[in-house]
Amino acid sequence: MIYKVDLPELTLNRLTDVVYLQMRLLRYAASTSSINEEDCARYLKAYKIFKGRHEQIARWLFNKPKPRELLRQFSQGSTAEKLEWSRCLFREAIVFLTNQFGYITPYKKDSASDWQIAGSEFLSQFYKYLGDGLPDYLFSEKGAVLFSKNDLKLNFYNTNNFLLVCPACDLPPTGIEVDHYLPISIYPHLSCHPFNLVPICSECNSFAVKGNTDLLQKDDHIRRKLEDVFLIYQGYGLGELSYLKIDLKKGHRAIRLIELKPVKGNNIIEHIESYSNLFKIPDRWFKTGRTGETIQYQMFRKIETSVQAAKQYKASLNIFDVYIELNQLLQILCDDRGKEPFAFTMSCWLATLINQEIKPAISSSQQIDIKKFPLLEEIASWVKQDSIQHPAYLDDSRLNKAWNLRKIVAEED
Ligand SMILES: [Zn+2]
């Protein structure tokens with residue numbers, strides 16, 4: 001995610017239980033070709049985690065025609081193949097719960113056997129039931145209550161309560177939906193996996209943006225490992241390890257967007273590339289005129305407000321006043337990342353403006369020709385000054401003799 005987000009403990013506990021249950025039920029049906037409620041309950045009873053709840057769980061499953069039928073169809077596959085496949089999914093689901101390294105096997109419906117299609121759909125069904133809520137007896141913790149997709153969203157925003165934007169794209173969080181970071185259609189064994197579910201905005205989750213894009217598929221031939229991509233609940237966000245490189249076009253308000261680049265010392269080009277492609281950022285921020293204009297409007301409005309506030313306390317602003325004001329504003333924008341939409345973009349843009357427009361003016365050895373610095377020219381107009389000058393060149397009649405002498409000495413050099 002562009003911002004670091006934490007996985008709520010309750011979500012972790014509940015969904016870890018669901019993953020174990022899904023995998024165990026699949027293993028049960030891999031071990032037999034005639035499933036029934038009593039056998040299923042007996043199978044579950046052998047595992048400490050399910051003991052005591054085994055009958056309720058089996059009843060829950062066998063009372064539901066669709067998953068029961070899917071599991072029956074799965075059980076009709078060859079025992080050796082079923083066992084191998086379910087063992088592989090089980091192992092990958094656990095790896096994704098623990099150290100998050102290595103490859104995850106994609107499920108390809110086109111080349112799958114009937115029993116595999118049924119098994120995949122069986123796993124995906126659990127996500128459907130999560131929508132309404134999974135009953136308390138599916139969970140290992142004593143005193144657990146029904147857990148639903150809505151609880152997942154609420155827990156997420158309670159735990160990450162600083163977050164007032166979509167964690168994936170930095171846009172205002174409209175129409176929050178639960179996303180399968182690794183698509184359920186390709187990774188059915190991660191359909192309810194705690195590390196694969198995250199609430200993001202409806203635009204990010206839409207078919208036009210993310211769709212069923214597989215983060216782990218680099219191109220037609222190359223697969224990525226889990227460690228090659230940004231995962232949701234790791235200890236950092238993309239925004240901390242990268243920055244937005246922007247080229248200023250003439251006139252400073254128009255920009256050319258280069259790309260997200262790693263902050264020096266981070267070897268994460270692959271992570272950035274895969275994430276950028278997945279959520280179509282940063283292109284999405286600027287390609288749609290609406291967003292680009294919003295970012296530009298908000299940022300220049302902030303600059304205007306801050307320099308006008310500074311002017312209230314001074315007769316005239318010099319270049320250092322402007323420099324300090326803009327750095328203070330930059331600090332605020334950095335602190336507001338995750339709280340204010342587009343703070344990531346605005347902060348990178350403002351840092352570029354300070355470096356490319358203000359610093360050269362400060363280090364200029366001559367009077368600042370404001371026409372050559374469009375940002376300064378605009379700031380001067382906001383604060384109703386003819387110019388923004390270096391204090392050394394400010395017109396001060398008391399210093400006329402000193403200025404003159406310096407000019408003479410400079411010419412002599
Ligand atoms: Zn979003």
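Modeller: Helices, runs of at least four residues, and strands, runs of at least two, are DSSP runs numbered from the N terminus. The model is predicted.

Biologist: OK. Where is Phe 342 found?

Modeller: In the loop between helix H12 (319-335) and helix H13 (343-362). Phe 342 is not a glycine, yet has a positive phi of about 70°.

Biologist: Is Phe 342 buried or exposed?

Modeller: Buried. A residue counts as buried with 20 or more other C-beta atoms within 10 Å. Phe 342 has 24.

Biologist: And Gln 100, what is its phi?

Modeller: Near 55°, a positive value in a residue other than glycine. Gln 100 sits in the loop between helix H5 (79-97) and H6. Gln 100 is partly exposed, with 16 other C-beta atoms within 10 Å.

Biologist: Which peptide bond is cis?

Modeller: The one from Ile 281 to Pro 282, with omega near 5°. Pro 282 lies in the loop between helix H9 (269-279) and helix H10 (283-287).

Biologist: Switching to H7. Which residues are buried there?

Modeller: In helix H7 (residues 149-159), they are Lys 149, Leu 152 and Phe 156.

Biologist: Why are they on the same side of H7?

Modeller: Because they cover an arc of only 50° around the axis. Their cover includes helix H1 (9-30), helix H6 (114-132), strand S1 (177-180) and strand S2 (197-200).

Biologist: Now the domains. How is the protein divided?

Modeller: Into domain 1 (9-228) and domain 2 (240-413). Their C-alpha centres lie 48 Å apart.

Biologist: How many residues are in contact?

Modeller: 16 residues of domain 1 with 13 of domain 2. The domain 1 side has 11 nonpolar, 1 polar and 4 charged residues.

Technical notes: Residues numbered from 1 in each chain as written. Predicted model: local features only at pLDDT ≥ 70, side-chain atom pairs only at ≥ 80, totals over all residues. Buried ≥ 20, exposed ≤ 12 C-beta atoms within 10 Å, placed from the backbone. Arc of directions from axis to C-beta. Contact = placed C-beta atoms within 7 Å. Domains from an automatic or database assignment. Nonpolar A, V, L, I, M, F, W, Y, C, P; charged D, E, K, R; others polar.
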